[in-house]
Amino acid sequence: MDLNADLGEGFGVWQLGDDEALLDLVTSANVACGFHGGDPSIMRAVCTAAADRGVAIGAQVGYRDLAGFGRRRIEYRREDLRDEIIYQIAALDGFARVAGDRVRYVKPHGALYNTAAVDEGQAGAVVDAITDYDAGLPVLCQPGSVLARLAADAGLRVVGEGFADRAYLPDGRLVPRTNPDAVIHNSAAVADRVVQMAVEHTVTAIDGTVIPCQVESICLHGDTAGAVDLARRVRASLLDADLSLAAFA
């Protein structure tokens, strides 16, 4: 099982999360590319630290929305969104190559992630960008989503992702962050559901329904309070379940 985290999401003098500590625990790093968070110096530092540890570097692409942290839906022409995503992948890939590695996969961030899960236009823009830049890059996304379907149709490798600390709706979508129950804060509950995802390939939705959850990677949010301690507990729970941890890319 792969364990990933959103990293490099600070900006300038503002720091968000403990990137160094999380890089010691995860196998893949979703690195912000400067649009929803991150800046050139942060991108370079995280790529260097990830490469030094053998952690796979992924481009976490999002809307051009620093003020809203990429969590506000924005309408785009498909071609414009495609080109902004290519821009972000290429920028991060430059710093990854300076660090002796390269971008290994692509994952949408925030509102783009949620929109591409249901919207063919924005999902298509993500697929177009990856296909144009490097069709060998896997796309990390929710299983069963519109993005997963279009990416598979385009011949891209699709890697299903589960969320350790996010609540699910009965239809498999994430509970919107506007809902006070969207994030699960009980670390024991988070550890249990991660093992459920990894071993049983299911997750329990917010209404108690058990739904399919075919995942190869589990995401931890670096900006969540207590993220490092939670990551340690999740990692330990997976190892205790006799699962090996390795990057999918």
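Here are some questions and answers about a predicted model, on its helix packing and its strands.

Q: Which residues in α3 and α5 meet?
A: On the α3 side they include Leu81, Ile85, Ile86 and Ile89, plus charged-class Arg78, Arg82 and Asp93. From α5, Ala125, Val126, Ala129, Ile130 and Tyr133 are among the partners. Contact here means heavy atoms within 4.5 Å.

Q: What makes up the contact of α3 with α5, by residue class?
A: The residues divide into 10 nonpolar, 3 polar and 6 charged.

Q: Why does glutamate 84 count as buried?
A: The cut-off for buried is under 20% relative accessible area. Glutamate 84 has 13% relative accessibility, so it counts as buried. This residue is found in helix α3.

Q: What does glutamate 84 touch, leaving out residues up to four places away in sequence?
A: It touches Phe35, Arg64 and Tyr76. As for valine 61, glutamate 84 is 23 residues from it in sequence, with the C-alpha atoms 8.7 Å apart in space.

Q: How do you know that strand β2 is largely enclosed by the rest of the structure?
A: Count the buried residues. In β2 (residues 28–32), 5 of the 5 are buried, so the strand is largely enclosed. Both faces are covered: Ser28, Asn30 and Ala32 lie on one side, with Ala29 and Val31 on the other.

Q: How do you know that β2 pairs with β1 and with β3?
A: Pairing takes at least two bridges between the strands. Strand β1 (residues 2–7) and β2 have 4 bridges, in the parallel sense. Between β2 and strand β3 (residues 56–61) there are 5 bridges, and these two run parallel as well. Alanine 29 in β2 stands opposite alanine 5 and also opposite isoleucine 57 in β3.

Q: What makes β3 and β4 a pair?
A: Again the test is at least two bridges. β3 and β4 are joined by 4 and run parallel. Glutamine 60 stands opposite lysine 107 in β4.

Q: How do you know that both faces of β4 are covered?
A: In strand β4 (residues 105–108), Tyr105 and Lys107 on one side are buried, and so are Val106 and Pro108 on the other.

Definitions and conventions. Residues are numbered from 1 along each chain as its sequence is written. This is a predicted model: local features need pLDDT of at least 70, side-chain atom pairs count only at pLDDT 80 or more; totals for chains, interfaces and linings use all residues. Side-chain values use heavy atoms; hydrogens and water are left out. Buried means under 20% relative accessible area, exposed over 50%, partly exposed in between (1.4 Å probe, protein chains only).
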